[in-house]
Amino acid sequence: MNEANGPADEEEVLSKPTLSVVAPEESASVVIAPVLERPERPQCELTAPVFFVGFMVAGKTSTSRKLARTCGVASVDLDAYVERREGKTINQIFSEVGEEGFRAMETEVLRDFSQRDPLLVSCGGGVVLKSENREILKRSGFVVYLKVTAEQAYARVKDVSSRPLFRDLETARKTIDGRLPLYEEVADASVDTADKTVAQVAREVRRILEKEGILCQQRR
């Protein structure tokens with residue numbers, strides 16, 4: 001899916017997640033993509049960072065990008081940010097420094113963005129594995145857990161070779177089962193993504209954020 005296509009994307013399915021990246025040298029308020037394409041839409045502001053957690057291909061990045069577009073707020077994908085900062089893919093980082101090395105980088109950028117101006121933060125699927133990360137998530141902002149089953153995730157993944165911790169359906173089941181209590185521990189809200197489009201999930205998340213006072217219309 002390509003969120004840049006605008007209104008025609010309203011009924012896209014959660015099958016081809018895309019990336020929104022804040023460049024390392026830029027402030028969190030300056031985002032390469034997405035940009036707000038319709039200035040006539042109400043501009044909104046966040047009162048706290050919003051962290052999206054969940055298993056891979058749950059739609060975390062696609063949902064945060066859709067919200068960023070429609071609300072005029074900034075978003076970042078942590079995995080893509082790490083890749084851009086290091087100049088390497090996640091697979092290359094895993095190969096060179098192992099999972100522990102990658103998790104250290106992940107914690108560093110998570111802490112960094114938790115201390116900046118509020119924005120939408122799409123986290124990697126394993127961010128909850130470290131207790132330090134869970135504490136950052138719980139104390140720094142509002143956490144949205146996007147739920148997906150192993151079967152749904154497997155159906156959405158087109159190339160498992162790009163997923164260092166996801167090789168087959170049985171592995172996905174075991175991984176999700178092991179992480180489920182950790183996702184639930186940090187979550188302030190949970191949204192089931194099954195059989196929903198990106199637009200539908202984004203609208204549901206937006207309603208939650210507005211109800212909680214996390215997403216507000218910008219004061220003029």
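**Core, sheet and helices**

Modeller: The largest nonpolar core has 58 residues, and those with the most contacts inside it are Val53, Cys123, Leu137, Val144, Val205 and Leu209. Such a core is a set of buried Ala, Val, Leu, Ile, Met, Phe, Trp, Tyr and Cys residues joined through side-chain atoms within 4.5 Å, where buried means under 20% relative accessible area, exposed over 50% and partly exposed in between, with a 1.4 Å probe and protein chains only. This is a predicted model, in which local features need pLDDT of at least 70 and side-chain atom pairs count only at pLDDT 80 or more, while totals for chains, interfaces and linings use all residues. Residues are numbered from 1 along each chain as its sequence is written, and side-chain values use heavy atoms, with hydrogens and water left out.

Colleague: Which helix gives the most to this core?

Modeller: Helices (H or I, at least four residues) and strands (E, at least two) are DSSP runs, numbered from the N terminus. With 8 residues in the core, the one that gives the most is the helix at residues 90-114, α3.

Colleague: In what order do the 5 strands of the open sheet stand?

Modeller: Two strands pair if DSSP finds at least two bridges between them, and here the pairing is parallel. The edge strands, each pairing on one side only, are β3 (75-77) and β6 (189-192).

Colleague: Why is strand β5 described as largely enclosed by the rest of the structure?

Modeller: Strand β5 is joined to β2 by 4 bridges, and β5 also pairs with β6 over 4 bridges. Within these pairings, Val144 of β5 stands opposite Phe52 and has Ala189 as its bridge partner in β6. Strand β5 (residues 142-147) is largely enclosed because the number of its 6 residues that are buried is 5.

Colleague: Are α3 and α4 roughly parallel or roughly antiparallel?

Modeller: Axes are lines fitted to C-alpha atoms, for helices over the stretch in contact, and angles run from 0 to 180 degrees between N-to-C directions. Angles under 35 degrees count as roughly parallel, over 145 as roughly antiparallel, 65 to 115 as roughly perpendicular and the rest as oblique. The two helices pack with their axes 10 Å apart and at an angle of about 10°. That makes α3 and α4 roughly parallel.

Colleague: Is Ile93 buried or exposed?

Modeller: Ile93 lies in helix α3, and apart from its neighbours within four places in sequence it is in contact (heavy atoms within 4.5 Å) with Val82, Glu86, Lys88, Gly98, Phe102 and Met105. Because its relative accessible area is 2%, Ile93 counts as buried.

Colleague: Where does the UniProt record place the feature "binding site"?

Modeller: The entry is unreviewed, and such annotations may be inferred rather than shown by experiment, with positions given in the numbering used here and feature names shortened. The record places the feature at Asp79, Arg103, Gly125 and Arg179.

Colleague: Which of these annotated positions is in contact with Gly125?

Modeller: Gly125 is found in the loop between β4 (120-122) and α4 (131-140), and with 13% relative accessibility it counts as buried. Leaving aside neighbours within four places in sequence, Gly125 is in contact with Gly54, Met56, Lys60 and Tyr183, and also with a residue that the record lists under the feature, Arg179.
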